[in-house]
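Open the model in your viewer and keep the selection tool at hand. This tour goes from one stop to the next.

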2 protein chains.
Amino acid sequence: MTIARRSTPKSVRTREAIETAAKELFSLNGFDRTTVRDIGARAGIDPSMIIRYFGGKEALFAHVALPDLQLPDLSQADPATIGETMVRHFLEQWEGEQAGGGMPVLLRSAASNEEAAERLRAMFRDQVFPAIARVGPSETAAMRAGLVASQILGLAMARYVLLLPPVVMMSQDVIVRTVGETVQRYATGATGL
Amino acid sequence: MTIARRSTPKSVRTREAIETAAKELFSLNGFDRTTVRDIGARAGIDPSMIIRYFGGKEALFAHVALPDLQLPDLSQADPATIGETMVRHFLEQWEGEQAGGGMPVLLRSAASNEEAAERLRAMFRDQVFPAIARVGPSETAAMRAGLVASQILGLAMARYVLLLPPVVMMSQDVIVRTVGETVQRYATGATGL
DNA sequence: GTTTTTTGCCAACGCGTGTTGACAAAATCA
DNA sequence: TGATTTTGTCAACACGCGTTGGCAAAAAAC
């Protein structure tokens with residue numbers, strides 16, 4: 001009675017079920033508050049399978065929560081609109097179905113999981129900083145990138161983790177315009193050094 | 001041989017030792033990763049005392065991590081400089097010895113402890129929002145306050161939780177100037193709606 | 001049709017957790 | 001001094017956690 005789908009052996013389907021359940025729960029509750037038993041229950045399989053398939057809880061987390069939040073092509077963005085471009089790309093990345101909410105996972109876990117925190121730092125170091133460095137004096141690049149990071153980070157915290165009502169309700173367009181303007185000022189050093 | 005300090009019975013001194021140790025550990029590791037055994041060890045007493053004195057781990061957390069992060073007098077701040085004033089007050093509050101780092105505690109725990117998250121929301125609702133509402137049109141007050149909150153929140157996350165190097169190294173003065181300018185623009189609605 | 005491999009469940013382990021109650025030492029009171 | 005309350009320790013509990021090994025059923029291979 002098992003409807004055998006060709007080219008999808010049972011194993012990969014349960015692998016995917018585990019990955020999906022893990023992503024949902026990690027992003028909802030963070031690393032600590034998510035148990036292997038919860039993931040197994042949601043995926044409809046025994047918790048022991050998780051260890052067999054992924055090696056352990058930490059390994060599963062590293063596998064589902066740390067895919068690259070890749071900003072597309074910031075290295076070629078127009079310096080005059082890099083603020084809005086950056087914010088738009090982040091929002092699309094965070095709220096697109098593809099990523100499955102990888103950012104809330106990281107944010108929720110960064111407080112208790114050093115690997116998540118390091119991944120966040122790396123994200124800004126490898127993606128935000130280079131883009132910022134291109135559009136202003138190199139002496140202040142680190143500071144400008146830090147300011148940009150603080151604003152982007154705060155936007156994500158307010159909108160996805162803390163769920164501050166006004167920030168949750170703002171449309172993507174409005175956010176791109178308002179926060180983008182701030183990022184633009186930070187990026188170009190338009191603010192007082 | 002016990003040097004009996006008048007007017008400080010032994011009980012209040014160990015109460016304070018527990019509170020101090022709890023604040024330090026909660027702010028360092030967040031709620032989940034901090035155990036009552038750790039707190040007891042650092043305070044130099046048996047973990048069971050913590051339950052006896054405070055009722056339990058949750059109650060102790062509520063007692064040490066939720067004192068009001070009170071902004072002094074924002075209701076009478078000069079609208080022309082409310083941005084810098086606000087950022088300066090937050091920084092002083094967060095980094096002053098008095099508060100003992102109450103903000104990192106909240107931030108680290110907000111991801112896993114709903115009470116901490118609610119306390120953060122209340123903080124912005126009761127302190128930031130009213131101050132923002134006074135310096136601009138009431139129709140956009142919620143949105144402006146939300147934007148201010150996102151920037152303030154991100155600053156705290158970057159500086160205290162994620163420890164992003166450039167943000168950690170910035171002096172209070174520079175932060176007050178740069179971030180203050182952003183908050184000023186958000187607060188007064190100088191940005192595009 | 002028989003063997004072998006895959007896929008899964010079950011029971012249990014070792015450990016760390018918050019919490020409790022019984023009891024000893026110290027301080028306080030009479 | 002003797003009685004009583006305070007302050008603290010100790011051992012143990014019940015529970016939930018990640019993880020393990022053994023075994024049944026299904027699938028695949030021969």
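A cavity here is a set of grid points where a 1.4 Å probe fits but cannot get out, and its volume is the space filled by probe spheres set on those points. Keep in mind that this is a predicted model.

**Stop 1: the cavities.** There are 3 cavities of 30 Å³ or more. The largest cavity holds about 90 Å³ of space. Select A:D32, A:R108, A:S112, B:D32 and B:S112, the closest to its centre among 17 lining residues. That lining has 4 nonpolar, 7 polar and 6 charged residues.

Move to the second largest cavity, with about 40 Å³ of space. Select A:L107, A:R108, A:A111, A:M157 and A:V161, then B:L107, B:A111, B:M157 and B:V161; these residues line the cavity. Its lining divides into 8 nonpolar, no polar and 1 charged. Helix 6 (102-110) and helix 8 (141-161) of chain A each supply at least two of the lining residues, as does helix 8 (141-161) of chain B.

**Stop 2: the phosphates.** Zoom in on A:Y53. A polar atom of its side chain lies 2.9 Å from a phosphate oxygen of DNA strand C. End at B:V36, where a polar backbone atom is 3.1 Å from a phosphate oxygen of DNA strand C.

Terms used. Residues are numbered from 1 along each chain as its sequence is written. Chains are lettered from A and ligands numbered from 1 in the order in which they are written. This is a predicted model: local features need pLDDT of at least 70, side-chain atom pairs count only at pLDDT 80 or more; totals for chains, interfaces and linings use all residues. Side-chain values use heavy atoms; hydrogens and water are left out. A polar contact is a pair of N or O atoms within 3.5 Å; within protein, one must be able to donate a hydrogen and the other to accept it, and residues adjacent in sequence count only if both atoms are side-chain atoms. On a 1 Å grid over the protein atoms alone, a cavity is a set of points where a 1.4 Å probe fits but cannot get out, and a pocket is an open set with protein on both sides within 12 Å along at least five of seven lines; lining residues have an atom within 4 Å of a point. Ala, Val, Leu, Ile, Met, Phe, Trp, Tyr, Cys and Pro count as nonpolar, Asp, Glu, Lys and Arg as charged, and the others, Gly among them, as polar. Helices (H or I, at least four residues) and strands (E, at least two) are DSSP runs, numbered from the N terminus.
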